[in-house]
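The following explanation leads the reader through the model displayed here. Please keep the sequence and the structure in view while reading.

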Amino acid sequence: MTASTPQVAMATMEDKRLANRERIRKARRRSRIAAWSVRLASLAILLGIWQWYGSSVNPILFAPPTKIARAFGTLISDGTLGHALVQSLTVFGIGLGAAIVVAIPLALVWARYQVVDWAIQGYVNALYATPLVALVPLLILWFGFGTKAKAIIIFLFAVFPLLINTYQGARSVERGLVEVARSFGCKEFATWRHVVLPSAVPFVAAGLNLAVGRALVGMIIAEFYTSASGLGYMVLSASNTFQTAKMFVPILVVMALGVFLLGLTRTLKRKVSPWSEQEGRL
Amino acid sequence: MASAAASVERAAAAHAASVECRHVEKWFGELNVLADVDFSIPAGSFVSVLGPSGCGKTTLMRAIGGLVGIDDGEILVGGRRVDGPPAEAAIVFQQFGLMPWKTIYDNVAFGLKVRGASSSELEERVRHYIDLVHLTGFEKSYPYQVSGGMQQRVGLARALAVEPQLLLMDEPFASVDAMTREVLHDELLGIWERDRRTVVFITHSIDEAIVLSDQIFVMSRSPATVVEQIPVEIPRPRRERTVRGLPQFAELREHCWDLLERGGAEEAARS
């Protein structure tokens, strides 16, 4: 073989690069297909076992997927499910929204002023550690059975992780960066704006993720204990009337809601603080 | 000696500030960090402060930059007593000190924004200094997406963008690899030789100090004080590889090394 010219060598290199890229792409595709095959097979097996077992026991105790699907259809077409979902999401939104609006500014003041820290830290930690379900009867006594009571219960479930995370975010700002800001002439307000607040963002997002999970728990509990409304009440009323298939419907909806909202807040965290995701992976 | 003074005089420029330390003393509790540090740096001069790790040279730089107070004596920048970060100064930090949530463009713009530059001026200057440190095309990247050497270029551009009369550099190239460091030395030489701002460059590398400086202040182990002010009479423009080949380089290196050894600083980097 004669010595190849540079152009030929280049072309060969390019070919190899392309071939390599193609190989990697195919390998990725194969592993994606494998993952989804296993997932679907696992789901099919689960549904199969459920169907078989659910049909063979007393319908008061359990329901097979086919019956649940039928109940789903009925509850959607008569509007019950949609109505309950709107009721639930309304109180969920009010409670969580209020928690965000209250917790973030309060946490910043808490982080900034030592006096506030001394004054409130004990209560916040104590309330965060308290199983809040224990307070629900008391809250009903104070605020009644209506929307207000529900929103307050959800608020209390959601507010503490947001409060504590935001506080820690503002507190754990890198001292070196505060110094950078000062060296360029930042006074206190500018230092907060350029350094403290942005570095707290990933903590706030993580707090929001926790708060959403807890707010969902609060929502169901509130609907169990207060006036008849929402998905929680749907579970309760189906259970009281032994309509097990109907009981599964709101449970599955709440499950889907949880998966969706937690995924949403995780995506949000990645979007607002790509740098902290990067550190986490390193 | 005479020619060093002459080169310093030639370098003095209107956009450069002098630095004076008068009997500066600093304590951390019981520990005497700086003892009677006394020197003056003429405007437009490039001075390296050379000393073993942990000898207090960073503390000295932070004191000049107004980030820590001193316990006795006084520091003057541009003839004015330092009390908080002086508006004439900008710092290049050892660990870069970039805001991870800001793009490279916004990091470079940071100092200007804080100091209230108008938006048209800001844009023009940021572009200019990003170009000067060869970061054009990376404006929208985030610091974590680029190498350590490039991150320190951002740090340098951010400091230069405020067009400081005094540039304080705290071991800026200590955490980049050796090859990148050499490239950055040459770039810094090129930038500095054009506009001759006053530079105080903290380092524990003898070679780095010789390559870059007009004068080297050798510091003793703590309590730190300036043992000797060594003029570096190597003509400019300089490039690291050429400087390293000069006989003066070897002589200066030996001399610095002797001084540091006498100060009990055997572990100072012989890099």
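In what order do the four strands of the open sheet in chain B lie, and with what pairing? The order is 2-1-4-5, and the pairing is antiparallel; two strands pair if DSSP finds at least two bridges between them. Helices (H or I, at least four residues) and strands (E, at least two) are DSSP runs, numbered from the N terminus.

This is a predicted model, in which local features need pLDDT of at least 70 and side-chain atom pairs count only at pLDDT 80 or more, while totals for chains, interfaces and linings use all residues. Residues are numbered from 1 along each chain as its sequence is written, chains are lettered from A and ligands numbered from 1 in the order in which they are written, and side-chain values use heavy atoms, with hydrogens and water left out.

At the edges of the sheet are strand 2 (31–41) and strand 5 (80–81) of chain B, each pairing on one side only. Strand 2 of chain B is joined to strand 1 (residues 19–28) of chain B by seven bridges in the antiparallel sense. Among the residues involved, B:Lys26 has B:Leu34 in strand 2 of chain B as its bridge partner. Helix 2 (residues 57–64) of chain B lies across strand 1, strand 2 and strand 4 (72–77) of chain B, and runs at about 60° to strand 2 of chain B. Such angles run from 0 to 180 degrees between N-to-C directions, and the axes are lines fitted to C-alpha atoms, for helices over the stretch in contact.

Chain A, by its secondary structure, has eleven helices and zero strands. Its C-alpha trace spans about 90 × 65 × 30 Å along the principal axes.

Two helix pairs of chain A may now be examined. The axes of helix 9 (residues 230–240) of chain A and helix 10 (residues 244–272) of chain A come within 8 Å and cross at roughly 155°. Helix 9 of chain A and helix 10 of chain A are therefore roughly antiparallel, the term for angles over 145 degrees. The residues of the contact between helix 9 of chain A and helix 10 of chain A comprise nine nonpolar, one polar and one charged. Here Ala, Val, Leu, Ile, Met, Phe, Trp, Tyr, Cys and Pro count as nonpolar, Asp, Glu, Lys and Arg as charged, and the others, Gly among them, as polar.

In the other pair, the axes of helix 3 (residues 80–112) of chain A and helix 6 (residues 147–171) of chain A cross at roughly 35° and come within 6 Å.

Terms used: Parallel < 35°, antiparallel > 145°, perpendicular 65-115°, else oblique. Contact = heavy atoms within 4.5 Å.
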